[in-house]
Amino acid sequence: MSFAVIHIGHFVDLAQRRIYPAAVHVQNGRISRIETVPEAPPDAGFLLPGMTDAHVHVESSMLPPTEFARMAVVHGTVATVSDPHEIANVLGEEGVRFMLEDGERSPLKFCFGAPSCVPSTVFETAGAAIDAAAVERMLQNPAIGYLSEMMNFPGVLHQEAGVMAKIAAAKRIGKPIDGHAPGLRGATAQQYFAAGISTDHECFTLEEGREKAQLGVKILIREGSAARNFEALWPLIQEFPQQVMFCSDDKHPDDLVHGHINQLAARAIAKGCDLFDVLHAACIHPVLHYRLPVGLMRPGDPADFIRVADLRSFQVLETWIDGREVARHGQCLLPKLEISTPNQFLATPIDAADFQLRVPEGQSEAVVIDVWDGEIITGKIHHPYNAASGSVFYPDTEADVLYITVVNRYAAGVPPAMGLVRGFGLKKGALAGSIAHDSHNLLAVGTDSAALAAAVNAVIEAGGGISACDGAGDVRLLPLPIAGLMSSADGWELAGEYSDLDAWVKSALGCTLRAPFMSLSFMALPVIPALKITDKGLFDVERFDFVQA
């Protein structure tokens with residue numbers, strides 16, 4: 001049965017870099033022809049290819065793929081390049097299969113990668129390990145599009161056998177290799193990318209981005225809920241227009257409500273960037289680099305396109321995937337689907353007395369993680385102890401030096417790792433979560449031991465989630481039953497609940513960070529400088545070794 005539709009509007013022809021009134025003919029889900037017409041109605045809007053998030057961890061939206069898709073298509077996103085290493089660190093290959101199978105139930109085109117670093121390092125406890133043989137097995141699956149971000153850059157620089165075997169497998173099978181090299185410059189950057197790694201989404205200064213772009217690296221300009229690098233990197237759109245893409249990396253549901261890649265396109269236009277360069281970054285470059293089965297509005301292509309009200313705000317009027325309308329005027333047309341809830345959460349409740357930090361013998365100053373709002377990199381500072389050797393150190397809320405702890409979620413009865421952190425601004429209480437990149441143990445920050453215990457135990461009893469408590473008996477919880485990472489709820493409802501919890505953490509507890517829970521989640525990531533904490537202790541990333549708090 002033949003099914004044909006004609007879409008009339010101002011066609012944004014990215015190949016020819018021109019705009020003209022046109023009729024786009026769609027038959028059986030594909031574009032059959034595009035013809036010029038004398039004029040388009042004034043309110044017809046602009047027709048252009050749909051947008052692609054060039055690097056995202058879907059799990060960080062706290063939503064499974066099908067529900068993430070329902071929210072993303074409203075903003076004109078038709079595809080994502082998605083690294084499932086969050087759930088892979090919890091459930092291994094089973095977690096990757098879950099993402100693939102759930103993604104296949106959605107019209108949005110998910111390109112999942114084979115996680116390259118599970119666990120990301122040997123300095124933390126993960127729920128699974130994926131070796132080179134497993135990576136090669138996954139890469140041979142046509143549904144796996146690339147080797148996910150190679151976070152273990154020291155392993156590349158030192159030619160570690162397991163790391164190089166994963167890279168070799170991707171080269172042999174002919175699939176792209178994603179990079180992850182925050183702050184890497186000079187000869188070490190050259191060596192890292194010479195291994196065959198083709199992208200980087202971790203640049204946080206313009207100079208770093210320029211240097212890597214000059215090496216031929218594709219630079220993914222990231223703007224997520226915690227890591228926000230657009231302001232630093234947007235000139236690269238003008239300087240290296242053929243090498244830039246947009247990505248969110250990690251985006252919480254309250255942010256996804258308001259926009260996605262279309263927001264970055266709008267911001268780039270507001271900076272004075274060329275329209276066609278911007279749209280190539282948002283719509284074309286990811287499709288070509290990752291060889292996605294996404295249409296680019298050419299005859300014969302899948303009918304994956306959007307209609308926007310204007311070319312400044314990129315307000316999306318319609319989103320079409322394979323000729324099917326999936327969103328219209330801010331409303332998703334896809335149904336909510338039932339979802340399974342695989343998980344692995346073995347931790348048991350912990351006493352408040354276990355959340356204490358004693359002053360090391362002969363040490364007068366503590367090493368403290370220094371949080372930088374809007375970045376996932378951290379600083380390292382020193383703070384004088386307020387107790388004698390062997391005594392309990394109590395957090396100093398006036399100096400904003402608080403307890404931070406990681407609890408192993410994959411075993412019962414393991415003592416928590418304790419450290420200190422500055423930058424959250426809490427005046428009382430605690431917040432906790434089982435989203436803790438990358439191994440996703442239970443991570444919490446608080447002003448005292450009792451508050452830490454209340455927040456942590458709420459998450460343990462739920463089998464995963466995020467929580468906050470005020471230290472006076474009010475404990476609030478958002479459950480995440482899918483691997484302790486994702487909710488089975490409606491995306492917009494989850495976004496509302498998350499926004500309420502986020503607002504309460506700021507108003508009642510005093511947190512000063514823009515995205516408290518997202519920022520917290522990165523405090524356990526031992527591949528991002530300078531100081532982090534895992535379930536095994538305080539970790540100095542620059543030394544690549546543990547240090548004493």
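**Ground rules.** I worked from a predicted model, in which local features need pLDDT of at least 70 and side-chain atom pairs count only at pLDDT 80 or more, while totals for chains, interfaces and linings use all residues. Residues are numbered from 1 along each chain as its sequence is written, and side-chain values use heavy atoms, with hydrogens and water left out.

**Aromatic pairs.** I paired rings of Phe, Tyr and Trp (its six-membered ring) when their centres lie within 6.5 Å; planes under 30 degrees apart count as stacked, over 60 as edge-to-face and the rest as tilted. By this rule I have 13 aromatic pairs. Tyr 192 and Phe 193 are both buried (under 20% relative accessible area; exposed is over 50% and partly exposed in between, with a 1.4 Å probe and protein chains only).

I also looked up Phe 539 and Phe 544, an edge-to-face pair with 5.4 Å centre to centre and 75 degrees between the planes. Phe 539 is buried at a relative accessible area of 0%, whereas Phe 544 is partly exposed at 26%. Ring pairs join Phe 539 and Phe 544 with Phe 123 and Phe 546 in a cluster.

**His 260.** I found His 260 in the loop between α11 (253-256) and α12 (261-270). Helices (H or I, at least four residues) and strands (E, at least two) are DSSP runs, numbered from the N terminus. Is His 260 buried or exposed? His 260 is buried, at 3% relative accessibility. Its side chain makes a polar contact with the side chain of Asp 53 at 2.7 Å, and another with the side chain of Thr 77 at 2.7 Å. For a polar contact I required a pair of N or O atoms within 3.5 Å; within protein, one must be able to donate a hydrogen and the other to accept it, and residues adjacent in sequence count only if both atoms are side-chain atoms. Leaving out residues up to four places away in sequence, His 260 touches (heavy atoms within 4.5 Å) several residues, among them Phe 68, His 75 and Lys 251.

**Helices α1 and α15.** I checked how α1 (residues 65-72) and α15 (residues 491-507) cross: their axes come within 9 Å, at roughly 85 degrees. The axes are lines fitted to C-alpha atoms over the stretch in contact, with angles from 0 to 180 degrees between N-to-C directions. I therefore noted α1 and α15 as roughly perpendicular (65 to 115 degrees; under 35 is roughly parallel, over 145 roughly antiparallel and the rest oblique). Glu 67, Arg 70 and Met 71 of α1 meet Gly 491, Trp 492 and Ala 495 of α15.

**Tyr 403.** I located Tyr 403 in strand β21 (residues 401-407). Tyr 403 is buried, at 1% relative accessibility. Its side chain reaches the backbone oxygen of Phe 393 at 2.4 Å.

I logged a cis peptide bond between Val 118 and Pro 119, with omega about -5 degrees. Another cis bond joins His 437 and Asp 438, with omega about 0 degrees. Asp 438 lies in the loop between β23 (430-433) and β24 (442-446). His 440 is in the loop between β23 and β24; His 440 has a positive phi of about 60 degrees although it is not a glycine.
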